[in-house]
Amino acid sequence: MEYSFPHYLLSKQSVDDRALNKDVLRALKISLPQEPLRIIEVGAGIGTMLRRLARWDIVHKAEYVLVDEMAENIDYARAWIPQWAAESSLSVEGSGDSLRVFDSARDVRIRLEQADVFEFIQRNERPADLLIAHAFLDLLQMPESLPKLLSLTHSLAWLTINFDGATTLEPTVDASLDALIERLYHETMDTRPTGGDSRAGRHLFGHLRRAGADILAAGASDWVVHAAGGTYPADEKYFLHFILHFFEESLTGHAELDAAAFANWLAARRAQIESGELVYIAHQMDFLVKRSGEKSV
Ligand SMILES: C[S@@+](CC[C@H](N)C(=O)[O-])C[C@H]1O[C@@H](n2cnc3c(N)ncnc32)[C@H](O)[C@@H]1O
């Protein structure tokens, strides 16, 4: 199997569509100021959230800045955004890192920024009405990153899909090995040199309060992936294979893990995907917050 990160982000769309907490989303919709909006999305990948907000009829008139450090993602976004816009009967103008997608009711000016988010924060001149960080905050150094990120908004931040300490794979392969692999996998999230927290969701309540943000809404946004009639929906079979690839990449060679037992475990989990048996659940949290003022962290 070929592992492509943009393909993983594409395959994640239907999983995220189901997972996003709809109470938090409702709170977002009623809290948004009048359009046109300025939106900054950090760790935006290939721009799937922008497409979702257009598809879900949430954003009509906006300036939308997408920031991601990975060149492969931004390159993909350059070609993919015009493609889905055209498929949604939107006109497309511009090229490269400045695009405009529009019709008689919608007009979104898009800027693509291939940059490290903290470098982008240094040079951003105008804070947004809405900051979005989707499947991103659990990768960063916390709590010190939060005040910097929140400086990108003068008002709202929608902070979604923050991992929160539970990975479930069913059915059991070997109960004690399953538990060991889950524990070690979470530990790799906690020990990455660039930051990360396997309990980011629950910790954000305190971090956000101390960073001067009022929590307007919060709720679970678990990924729940299972087959129906032996078939996974959309491209979720690829999504599951990519999740196992994350396990393989982070745990291969781990001192606490017998290499042959881990290889057999991966093979068993891959066979469960092929037979449509594997159920995958990841517990996550969404937040809608409003900046209230600076506080010390
Ligand atoms: C799990 S992906 C989520 C992408 C996108 N939000 C989505 O859900 O489709 C995390 C993204 O954060 C980006 N990223 C990680 N560290 C970053 C940093 N310091 N600055 C900017 N982007 C970063 C990665 O390139 C990756 O695309």
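This is a predicted model: local features need pLDDT of at least 70, side-chain atom pairs count only at pLDDT 80 or more; totals for chains, interfaces and linings use all residues.
Local features need pLDDT of at least 70, side-chain atom pairs count only at pLDDT 80 or more, and totals for chains, interfaces and linings use all residues. Residues are numbered from 1 along each chain as its sequence is written.

**Strand E2**

Helices (H or I, at least four residues) and strands (E, at least two) are DSSP runs, numbered from the N terminus. A residue is buried if 20 or more other C-beta atoms lie within 10 Å of its own, exposed if 12 or fewer, and partly exposed in between; C-beta atoms are placed from the backbone. By that count, 6 of the 8 residues of strand E2 (residues 61-68) are buried, so E2 is largely enclosed by the rest of the structure.

E2 pairs with two strands, as tabulated below. Two strands pair if DSSP finds at least two bridges between them.

| Pair | Sense | Bridges | Example of facing residues |
|---|---|---|---|
| E1 (residues 37-42) and E2 | parallel | 6 bridges | Glu 41 and Leu 66 |
| E2 and E5 (residues 107-114) | parallel | 8 bridges | Asp 68 and Gln 114 |

E1, helix H3 (residues 48-55) and E2 also form a right-handed β-α-β unit. Right-handed here means that, with the strands pointing away from the viewer, the path from the first strand over the helix to the second runs clockwise.

**Helix H10**

The expected span of a helix is 1.5 Å times one less than its number of residues.

Phe 262, Trp 265, Arg 269, Gln 272 and Ile 273 are the buried residues of H10. They cover an arc of only 105 degrees around the axis, which puts them on the same side of H10. The arc is that of the directions from the helix axis to the C-beta atoms. On the other side, Ala 259, Ala 260, Ala 267, Ala 271 and Glu 274 are exposed.

The buried residues of H10 pack against strand E7 (153-170), helix H7 (175-190) and helix H9 (236-251). Contact requires C-beta atoms, placed from the backbone, within 7 Å. Just after H10, Gly 276 adopts a positive phi of about 75 degrees.

**Helix H1**

H1 (residues 5-19) has 15 residues. Its first and last C-alpha atoms are 20 Å apart, close to the expected 21 Å. H1 bends by about 40 degrees at Gln 13. That bend is the angle between axes fitted to the seven residues ending there and the seven starting there.

Leu 9, Ser 11, Lys 12, Val 15, Asp 16 and Ala 19 are the buried residues of H1. Their packing partners are H3, E7, strand E9 (223-225), H9 and strand E10 (279-291).

Technical notes: Two residues are in contact if their C-beta atoms, placed from the backbone, lie within 7 Å.
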